[in-house]
Amino acid sequence: MSTNGTVLTPTVLIIGAGPSGLRAAAELAPRVSGEVLVLERESVAGGIPRHSDHPGYGIRDMGKFIDGPKYARILREQATAAGARILTNAMVTDWAGERSVNVTMPDGRVRVDAEVVILATGARERPRPARLIPGDRGKGVYTTGHLQNIIHLKHGKVGKRAVIVGAELVSWSAAMTLKHVKCKTVLMATEYPKADAYRLFSGPGKLFFGTKVATRTRVTRIIGKPNVQGVEIENIDTGQRRIVDCDTVILTGDWIPDNELARAAGVDIDPVSKSPLVDAALRTNKAGIFAIGNMLHPVDTADVAALDGAAVGEHVVNYLRGDRPAGAPLTLTADAPFRWVAPALLRQHDPAPPRRRLLLRSDTYVPFPEVVLRQNGAVIARKRLWWPAAPGRVFRVPSSMLSQINWNDGAVTIGLAN
């Protein structure tokens, strides 16, 4: 039956059924009058975890250590049990109004008019063209998401010898997926001077997978057609190049938010992370439009994204009750070596951000960083942290540092002590 001309009118519309969107649905469905509707473009809700068939999910939000598909299933069940409605194969194509969207589904097009829209569209790894890797166009080049989709959802095969570009958490996830189909990871290559993942993963990982991690190394050429036969790698410091035989190349990390809908809505975008700019209540500059999950901090772990969904519930309920932010926010800007910070909009009377943490991305490895806040060039707060700032993973800073801000004294920066 065609749905053309149908208009749906939920109270809350959530776009994206990954961990953050599903957790937000579970939080909100029992608390709002009217429907909470979740739209998901894939055929099954759950996001990336549904095809990450290895353990490590649910630690922070569920107190569990489970595999991705089970984690995704629990989130789906919690959302539907709470009363949320999930529509899959539902692609939001454009905006029809301030909080209205057009949606294409197999049965036709519908319009959805909501009082609140929550963007939970996540992030994706940049593919080969965006990384500007030259060479042949042979078959056998994948991102992690593409790889896991082929193997765990479509039960397909890849080659026998793989080079993984990157050495962060998702890179080891790719290595586990390759091992599942008996494809050996012969090398991981990272441009950074250290492996980007936590030592808990990178140390045992090298032993478990029998692979080497080449630091300060980049892929300069992919060789082979119609199938990949190898890659040329270069040591960034010496310029020395060599060929590594492989038939599979996995491009990991280098994330970019799925921000197309946010841009189209006129939501302010961080010029570096390309994420929507939000305040501690996860509000964008557009009234009634919130943003959550890894589209804000590309990328953190799935459980941290889900906790964004848990946090946004209270803020949406307050908005529906008539609560509105007072006054223009201060901006929080990241100083080198940090690339970006979230949230980046600060208000004096806002609640603490999710988990009472500021999330940042560092371009260099700093083992025991002393983080400083500056306002008008003067240091207003400093804190020594006993966990490293490192490329390839999100760095978390206690938001209690913000208590030292003078709310009448201009923009704030966050960086490291000189």
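Student: In which loop does K182 lie?
Tutor: This is a predicted model, where local features need pLDDT of at least 70, side-chain atom pairs count only at pLDDT 80 or more, and totals for chains, interfaces and linings use all residues. Residues are numbered from 1 along each chain as its sequence is written, and side-chain values use heavy atoms, with hydrogens and water left out. Helices (H or I, at least four residues) and strands (E, at least two) are DSSP runs, numbered from the N terminus. On that numbering, K182 lies in the loop between α6 and β14 (184-189).

Student: What is the phi of K182?
Tutor: Most residues other than glycine have a negative phi. K182 is a residue other than glycine, yet its phi is positive, near 60°.

Student: What is the omega of the bond that joins A342 and P343?
Tutor: P343 sits in the loop between β23 and β24 (345-346). The peptide bond joining A342 to P343 is cis, and its omega is about -5°.

Student: How are α5 and α6 oriented to each other?
Tutor: Two packed helices are described by the angle between their axes and the distance between the axes. The axes (lines fitted to C-alpha atoms, for helices over the stretch in contact, with angles from 0 to 180 degrees between N-to-C directions) of α5 (residues 144-153) and α6 (residues 169-180) come within 10 Å and cross at roughly 25°. Angles under 35 degrees count as roughly parallel, over 145 as roughly antiparallel, 65 to 115 as roughly perpendicular and the rest as oblique. α5 and α6 are therefore roughly parallel.

Student: Which residues of α6 make the contact with α5?
Tutor: Contact means heavy atoms within 4.5 Å. From α5 come T144, L147, Q148, I151 and H152. They meet α6 through V170, S173, A174, T177, L178 and H180.

Student: How many residues of the contact of α5 with α6 are charged?
Tutor: Ala, Val, Leu, Ile, Met, Phe, Trp, Tyr, Cys and Pro count as nonpolar, Asp, Glu, Lys and Arg as charged, and the others, Gly among them, as polar. In the contact of α5 with α6, five residues are nonpolar and six polar. The number charged is none.

Student: Is the crossing of α1 and α9 left-handed or right-handed?
Tutor: Helix α1 (residues 19-28) packs on α9 with axes 7 Å apart, at an angle of about 35°. A crossing is left-handed if the near helix is turned anticlockwise from the far one by less than a right angle, and right-handed if clockwise. For α1 and α9 it is right-handed.

Student: How do the residues of the contact of α1 with α9 divide by class?
Tutor: On the α1 side are P19, S20, R23, A24, E27 and L28. The α9 side includes A302, A305, L307 and G309. By class, the contact has eleven nonpolar, three polar and two charged residues.

Student: Which residues of α3 does α1 meet?
Tutor: α1 and α3 (residues 68-82) pack at about 30° with their axes 8 Å apart, and are therefore roughly parallel to each other. α1 passes α3 in a left-handed crossing. P19, L22, A25 and A26 of α1 meet Y71, A72, L75, R76, Q78, A79 and A82.

Student: What is the volume of the largest cavity?
Tutor: On a 1 Å grid over the protein atoms alone, a cavity is a set of points where a 1.4 Å probe fits but cannot get out, and a pocket is an open set with protein on both sides within 12 Å along at least five of seven lines; lining residues have an atom within 4 Å of a point. Grid points are joined across faces, edges and corners, and a volume is the space filled by probe spheres set on the points. There are three cavities of 30 Å³ or more. The largest has a volume of about 120 Å³.

Student: Which residues are closest to the centre of the largest cavity?
Tutor: Its lining divides into ten nonpolar, one polar and four charged residues. Of the 15 lining residues, the closest to the centre are H297, D308, P343, P354 and L359.

Student: Which element gives the largest share of the lining of the second largest pocket?
Tutor: The second largest pocket has a volume of about 640 Å³. β16 (217-223), β23 (338-342) and β25 each supply at least two residues of its lining. The largest share, three residues, comes from β16.
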